[in-house]
Amino acid sequence: MDPALLREREAFKKRAIATPTVEKKSRPEGSSQQRDDGKKKVRPPSSGPKLDSTTYKTMTGSSQYRFGVLAKIVKHMRTRHQDGDDHPLTMEEILDETNQLDIGSGVKNWLQTEALMNNPKIDVIDGNRFSFKPVYRIRDGKSLLKLLKQQDLKGLGGVLLEDIQESLPHCEKALKNRASEIVYITRPIDKKKILFYNDKTANFVIDEEFQKFWRAVTVDAMDDAKIDDYLEKQGIRSMQDHGIKKPVLPKRKKPPNKKRQFKKPRDNEHLADVLETYEDNTLTQKGASA
């Protein structure tokens, strides 16, 4: 064997003996599983409340929940009024009829002191009782016709059907009984129905040619002031006494401009006999004579 290779072999053995080594000990399988389990963090169960139908009613801080309770109350009060029940209710009676007795004290206090007090659809009676506040104070068909007649005589136009349905108890029955005395017009803008009084004294035959001329005139873009100016230029004054009269405020007369006379300051005239004038010469003469 080559002696050079032998020398390299011996040198390699010496280096291997001089280099320290660490042996890996075999571990049982159970110990590795325990370490892995220890590394996993145990999370405690969440302490937050679960939301369901029962806990939602107790969330009194939600503004959406508050206004939901208020909307339900107003709707119930409107339905009562339309059914003819107009006697006022206390807060407890309202909550009982709307099945909302389980609301929190904060919401109840808000309803009684703020929400119902300032609601435009609720009337407050004696400070602690509430009733529905309709658009018009009408009770039957006679009061409805009286309202429509007043609207017609004053030139105020018609009344919305939805306002009558909200204000008049048993509305459908009353409208059916007074059908011959009411005219329905559908407004083209929003398709809402308008009620007018059917004045039978104004029923007369109009010539078709006049109707064509009347419908050919467009006054949509003109207000009352422009129409008055046009009629005045055409020499037509017969329309002045019709419609709503605006109160004319009397003009204030300006007072005439008077020149202000400045009074001269008065001396002490009431002490004219008592006061004496002392001059330097007088004092000097008196001192010399003394």
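This is a predicted model: local features need pLDDT of at least 70, side-chain atom pairs count only at pLDDT 80 or more; totals for chains, interfaces and linings use all residues.
**Entry 1**

I then looked for its partner. Arginine 129 makes a salt bridge with aspartate 126. Their closest N and O atoms are 2.9 Å apart. Aspartate 126 is exposed, and its relative accessible area is 64%.

**Entry 2: Salt bridges in the whole structure**

I asked how many salt bridges a search of the whole structure finds. The search gives 11. Some share partners: Arg78, Lys121 and Glu166 are joined into one network. I followed that network next.

**Entry 3: Arg78 to Glu166**

I checked the pair arginine 78 and glutamate 166. They form a salt bridge, with the closest N and O atoms 3.6 Å apart. Arginine 78 sits in helix H4 (residues 63-82) and glutamate 166 in helix H8, so this pair ties together parts 88 residues apart in sequence. Is glutamate 166 buried or exposed? I found it buried, with a relative accessible area of 12%. Arginine 78 counts as partly exposed, at 25% relative accessibility.

**Entry 4: Glu166 to Lys121**

I turned to lysine 121. Glutamate 166 also forms a salt bridge with lysine 121, and here the closest N and O atoms are 2.7 Å apart. Lysine 121 lies in the loop between helix H6 (105-115) and strand S2 (122-125), while glutamate 166 is in helix H8, so the pair ties together parts that are 45 residues apart in sequence. Lysine 121 is partly exposed, with a relative accessible area of 26%.

**Entry 5: Helix H7**

I moved on to helix H7, residues 141-153. I checked its length. At 1.5 Å a residue, its 13 residues should span 18 Å. The end C-alpha atoms are 18 Å apart, which agrees.

Which residues of H7 are buried? I listed Gly141, Ser143, Leu144, Leu145, Leu147, Leu148 and Gln151. I kept a general rule in mind while reading that list. An α-helix has 3.6 residues a turn, so residues three or four places apart point the same way.

I also looked up what covers the buried residues of H7. The cover includes strand S4 (159-160), helix H8 (161-167) and helix H9 (171-177). It also includes strand S5 (182-186) and strand S6 (193-197). Helix H8 was already in my notes, as the helix that holds glutamate 166.

Last, I looked just past the end of H7. There, glycine 155 takes a positive phi of about 70°.

Conventions: Residues are numbered from 1 along each chain as its sequence is written. Side-chain values use heavy atoms; hydrogens and water are left out. Helices (H or I, at least four residues) and strands (E, at least two) are DSSP runs, numbered from the N terminus. The expected span of a helix is 1.5 Å times one less than its number of residues. Buried means under 20% relative accessible area, exposed over 50%, partly exposed in between (1.4 Å probe, protein chains only). Contact means heavy atoms within 4.5 Å. A salt bridge is a side-chain nitrogen of Lys or Arg within 4 Å of a carboxyl oxygen of Asp or Glu.
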